[in-house]
Amino acid sequence: MGAKRVAEEQPATINNAGWPLAGGYYRKSQVFGEEDRVSTARQRDAISREGERTGHNIEWWCDEEGHRSGRHDHTRPGYMQFKRRLTAGAYRTVLFYRLDRANRSIKETIWLVEHCQKAGVRLVIIRDGFDSARDGWQARAIRRLYHDAVDNQGEADDAADRMREIYQI
């Protein structure tokens, strides 16, 4: 399975031809219940609304085929392509539903924050209430993101341990 770019499938995200392009990324997690089945739709909808609110068209990248853990980049081809576009300077703004939808890795969160800060890219994490245009790159805001990353990685590690225990029985 390769990276899935879904920009063409969602013409409604081209809000205004004059607006700048933002990168939007979402991923599917493990499906346990019905609410998990609509997770990607909920993420897309929230990112679309934020794009419209902030005056951005969105180029979409996703990993929604099967379970895509946020712990590792190499298991998420959509995220890897998103990162290539971000690193190449394609976006002045990037939008995520929640930090744990972007990744569940402390190292990756540090890379994302530092890259956006150095490149002057606006980072918006909707449900976590972070917007670098509003919050800036002050130590307090960054510390909060890193604290969330530690929690996210810990939750991923706990889930992996539970899965190992289930399959060892």
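1. Just after helix H3, Gly-89 takes a positive phi of about 85°. Helices and strands in this note are DSSP runs, helices being H or I with at least four residues and strands E with at least two, numbered from the N terminus. The model is a predicted one, in which local features need pLDDT of at least 70 and side-chain atom pairs count only at pLDDT 80 or more, whereas totals for chains, interfaces and linings use all residues. Residues are numbered from 1 along each chain as its sequence is written, and side-chain values use heavy atoms, with hydrogens and water left out.

2. As for the overall layout, the secondary structure of the protein chain comes to 7 helices and 6 strands, and from the N terminus on these elements run β-β-α-α-β-α-β-α-α-β-β-α-α. Of the 169 residues in the protein chain, 43% are buried, where buried means under 20% relative accessible area, exposed over 50%, and partly exposed in between, with a 1.4 Å probe and protein chains only. Among the contacts with a separation of 6 or more, 71% are accounted for by residues 24 or more positions apart, contact meaning heavy atoms within 4.5 Å.

3. Helix H3 (residues 77-87) has Pro-77, Gly-78, Tyr-79, Phe-82, Lys-83 and Leu-86 as buried residues. What covers them includes strand S2 (21-27), strand S3 (57-63), S4, helix H4 (99-102) and H5. An α-helix has 3.6 residues a turn, so residues three or four places apart point the same way.

4. The axes of H3 and H5 come within 12 Å and cross at roughly 25°; axes here are lines fitted to C-alpha atoms, for helices over the stretch in contact, and angles run from 0 to 180 degrees between N-to-C directions. H3 and H5 are therefore roughly parallel to each other, a term for angles under 35 degrees, with those over 145 counted as roughly antiparallel, 65 to 115 as roughly perpendicular and the rest as oblique. The crossing of H3 past H5 is left-handed, that is, the near helix is turned anticlockwise from the far one by less than a right angle, clockwise being right-handed.

5. Which residues in H3 meet which residues in H5? On the H3 side they are Tyr-79, Lys-83, Leu-86 and Thr-87, and on the H5 side Glu-108, Trp-111, Leu-112 and His-115. The residues of this contact divide into 4 nonpolar, 2 polar and 2 charged, counting Ala, Val, Leu, Ile, Met, Phe, Trp, Tyr, Cys and Pro as nonpolar, Asp, Glu, Lys and Arg as charged, and the others, Gly among them, as polar. Thr-87, not counting residues up to four places away in sequence, touches Trp-111 and His-115, and the C-alpha atoms of Thr-87 and His-115 are separated by 7.9 Å although the two lie 28 residues apart along the chain.

6. Strand S3 is largely enclosed by the rest of the structure, because 7 of its 7 residues are buried. In a regular strand the side chains alternate between the two faces of the sheet. Asn-57, Glu-59, Trp-61 and Asp-63 point one way from S3, while Ile-58, Trp-60 and Cys-62 point the other way. S2 and S3 run parallel and are joined by 7 bridges, strands being taken to pair if DSSP finds at least two bridges between them.

7. Gly-23 sits in strand S2 and is buried, with a relative accessible area of 0%; its bridge partner in S3 is Glu-59. Leaving aside neighbours within four places in sequence, Gly-23 is in contact with residues including Ile-58, Phe-82, Tyr-91 and Val-94. Gly-23 and Leu-123 are 100 residues apart in sequence and 9.9 Å apart in space, C-alpha to C-alpha.

8. Strand S4 (residues 93-96) and strand S5 (residues 122-125) pair in the parallel sense over 4 bridges, whereas S5 and strand S6 (residues 130-131) pair in the antiparallel sense over 2 bridges. Ile-125 is the bridge partner of Phe-96 in the former pairing and of Phe-130 in the latter. S5 and S6 form a hairpin with 4 residues between them, and Gly-129 in the turn has a positive phi of about 70°.
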